[in-house]
Amino acid sequence: VSLRHRVSLIKPYRTIRGEGTVELSPIPTASVGARTTDGFSSGGRYMGLHSFETEGILGEGNYSQVFQVVMKATQEKYAFKVVDKAKVKRYKKQDEVLVEKWVLSRVHHPSMIKLFQTFQDTGALDLVLE
């Protein structure tokens, strides 16, 4: 079953803006027309959706789903979060997604999940997590 076909129903969203007072450096914003292709390479080969095999769904949110996947090359297990760009835009939550990616990429603590890699296509942002 394709990861793209698993993005599902819209659910009510509880906003959490304004919580906490942590001072952090500025968060990068997405510019109009910008295209990033975060991918990771191993041995000169491009890694992407094709590099993983889905084992099952771990959870669902308003605009994303999390799958348990296995990297085909190494047989290591990861969580694979698929964020539907259309739903993020519909809910006007682009900032929250950017903040999530920014925080996960910079926080290194035993109690926090690790962000290993991100990549995207025209319909979704994909996060490879611990």
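Buried means under 20% relative accessible area, exposed over 50%, and partly exposed in between, with a 1.4 Å probe and protein chains only. The model is predicted, so that local features need pLDDT of at least 70 and side-chain atom pairs count only at pLDDT 80 or more, whereas totals for chains, interfaces and linings use all residues. Residues are numbered from 1 along each chain as its sequence is written, and side-chain values use heavy atoms, with hydrogens and water left out.

**View A. Strand β6 and its pairing with β7.** Five of the six residues of β6 (115-120) are buried; strands here are DSSP runs of E with at least two residues, and helices runs of H or I with at least four, numbered from the N terminus. β6 and β7 pair in the antiparallel sense over five bridges, where pairing requires that DSSP finds at least two bridges between two strands. Phe-119 has Asp-126 in β7 as its bridge partner.

**View B. The largest nonpolar core.** Eleven residues form this core, including Met-47, Phe-52, Phe-119 and Val-128, a core being a set of buried Ala, Val, Leu, Ile, Met, Phe, Trp, Tyr and Cys residues joined through side-chain atoms within 4.5 Å.

**View C. The salt bridge of Lys-81 and Glu-100.** The two side chains meet at 2.6 Å, N to O, a salt bridge being a side-chain nitrogen of Lys or Arg within 4 Å of a carboxyl oxygen of Asp or Glu. Because Lys-81 lies in strand β5 and Glu-100 in helix α2 (residues 94-106), the pair ties together parts that are 19 residues apart in sequence. Lys-81 is buried, with a relative accessible area of 12%, while Glu-100 is partly exposed at 24%.
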